[in-house]
Amino acid sequence: MADKDDVKEGKEFHVDVPAKTEPFFLKGSGALDWGMQNRLARIFNPVSGRTVMLAFDHGYFQGPTTGLERIDINILPLVPYADVLMCTRGALRTSIPAATTKPVVLRCSAGQSILTELSNELIAVDIEDALRLGVSAMAAQVYIGAEYEHQSISNVIKLIDTGTKYGIPTLAVTGVGADMTRDERYFSLATRICAEIGAHYVKSYYFEPGFERVVAGCPVPIVIAGGKKLPELEALEMAYKACDQGAAGVDMGRNIFQSDSPVGMIQAVGAVVHGGEKPDKAMQIYEGVKADQENQGAE
């Protein structure tokens with residue numbers, strides 16, 4: 001406790017300097033409470049306004065995906081280059097050191113596998129466990145047009161309502177079934193529904209043409225999913241086009257951890273997302289890191 005003796009009155013109130021109130025940098029987030037904004041500012045770089053999320057939550061319905069057989073071996077070397085870790089609580093507790101200070105977006109939906117209907121999910125994490133883990137956001141899938149559309153929307157609404165009580169944002173992930181057309185009409189519908197029900201940001205897919213109109217019509221940030229593994233240059237081109245057309249970053253998994261040089265690829269993606277590097281220039285970063293690793297391995 002401060003000593004009460006010899007207390008001096010404040011004098012320097014700078015009455016000639018107006019109080020400064022800075023607007024929050026992230027689209028659609030200006031009216032959120034301090035805790036919510038603070039967590040979003042951990043996810044999105046306040047300078048670039050973008051994020052590179054490293055997704056390795058695939059095992060919750062796919063099992064040991066190629067490149068994720070050993071999270072402790074395959075993912076930990078990538079952590080220093082990611083802005084955010086997107087994972088399940090099981091992977092977090094078992095394979096990510098607690099000394100890691102990267103923000104975590106926690107996969108909170110589950111209840112199905114690749115052997116069954118993907119849209120038949122439930123909320124699989126209690127808000128108290130999310131708080132125990134200190135996560136920066138919670139995520140669940142929304143399957144617009146699928147068999148269990150209503151249930152998936154309800155899942156995200158529950159996350160939003162409980163997360164709002166504790167200042168934890170919700171990421172709505174637009175799931176797309178094999179028989180759904182990945183076009184402007186579908187993603188305009190899916191992303192807008194996610195924002196309208198209260199999601200704080202949305203994960204969707206890049207597509208052409210019309211992606212920029214989908215971003216414009218969604219009042220909260222959109223980050224793009226990496227999707228299936230592409231050749232490295234194509235993945236970098238996709239990230240560049242998406243950000244150029246208004247995306248607030250990427251949430252990439254397979255295009256990073258299934259790359260021939262995952263460490264090189266995540267650095268190249270970061271250069272595109274935060275530095276605005278053109279894909280061919282970012283490709284040089286990837287190739288340079290890959291060559292260095294190969295040389296070290298030969299020594």
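1. Is His 14 buried, partly exposed or exposed? With a relative accessibility of 48%, His 14 counts as partly exposed, because buried means under 20% relative accessible area, exposed over 50%, and partly exposed in between (1.4 Å probe, protein chains only). His 14 lies in the segment before H1, where helices (H or I, at least four residues) and strands (E, at least two) are DSSP runs numbered from the N terminus. Although His 14 is not a glycine, it has a positive phi of about 45 degrees. Most residues other than glycine have a negative phi, and most peptide bonds are trans.

2. A word on the basis of this note: the model is predicted, so that local features need pLDDT of at least 70 and side-chain atom pairs count only at pLDDT 80 or more, while totals for chains, interfaces and linings use all residues. Residues are numbered from 1 along each chain as its sequence is written, and side-chain values use heavy atoms, with hydrogens and water left out.

3. Pro 209 is found in the loop between S8 and helix H8 (211-217).

4. The largest pocket holds about 850 Å³ of space. Here a pocket is, on a 1 Å grid over the protein atoms alone, an open set of points where a 1.4 Å probe fits, with protein on both sides within 12 Å along at least five of seven lines, and lining residues have an atom within 4 Å of a point. Grid points are joined across faces, edges and corners, and a volume is the space filled by probe spheres set on the points. Of the 35 residues that line the largest pocket, Arg 182, Tyr 205, Gly 227, Lys 228 and Arg 254 are the closest to its centre. Helix H2 (59-62), strand S7 (170-174), helix H9 (232-244) and strand S10 (249-252) each supply at least two residues of this lining, and H9 gives the largest share, 4 residues. By class the lining of the largest pocket divides into 15 nonpolar, 9 polar and 11 charged residues, where Ala, Val, Leu, Ile, Met, Phe, Trp, Tyr, Cys and Pro count as nonpolar, Asp, Glu, Lys and Arg as charged, and the others, Gly among them, as polar.

5. The second largest pocket has about 200 Å³ of space. Its lining is made of 14 residues, and those closest to its centre are Leu 92, Thr 100, Lys 102, Val 104 and Leu 133. This lining has 9 nonpolar, 4 polar and 1 charged residues.

6. The structure holds 8 aromatic pairs, a pair being rings of Phe, Tyr and Trp (its six-membered ring) with centres within 6.5 Å, stacked if the planes are under 30 degrees apart, edge-to-face if over 60 and tilted for the rest. Phe 44 and Tyr 201 form an edge-to-face pair, at 5.0 Å centre to centre and 75 degrees between the planes. This pair links distant parts of the chain, 157 residues apart, with Phe 44 in the loop between helix H1 (34-43) and strand S1 (51-55) and Tyr 201 in strand S8 (residues 201-204). Both Phe 44 and Tyr 201 are buried. Ring pairs also link Tyr 186, Phe 187, Tyr 205, Tyr 206, Phe 207 and Phe 211 into a cluster.

7. Arg 107, in strand S3 (residues 104-107), is buried, with a relative accessible area of 6%. Its side chain is joined to that of Asp 57 by a polar contact of 3.0 Å, and the side chain of Arg 107 makes another polar contact with the side chain of Tyr 60 (3.5 Å). A polar contact is a pair of N or O atoms within 3.5 Å; within protein, one must be able to donate a hydrogen and the other to accept it, and residues adjacent in sequence count only if both atoms are side-chain atoms.

8. Helix H11 (residues 262-275) has 14 residues, of which 10 are buried, so H11 is largely enclosed by the rest of the structure. Among the buried residues are Val 263, Met 265 and Ile 266. Just after H11, Gly 276 takes a positive phi of about 70 degrees.
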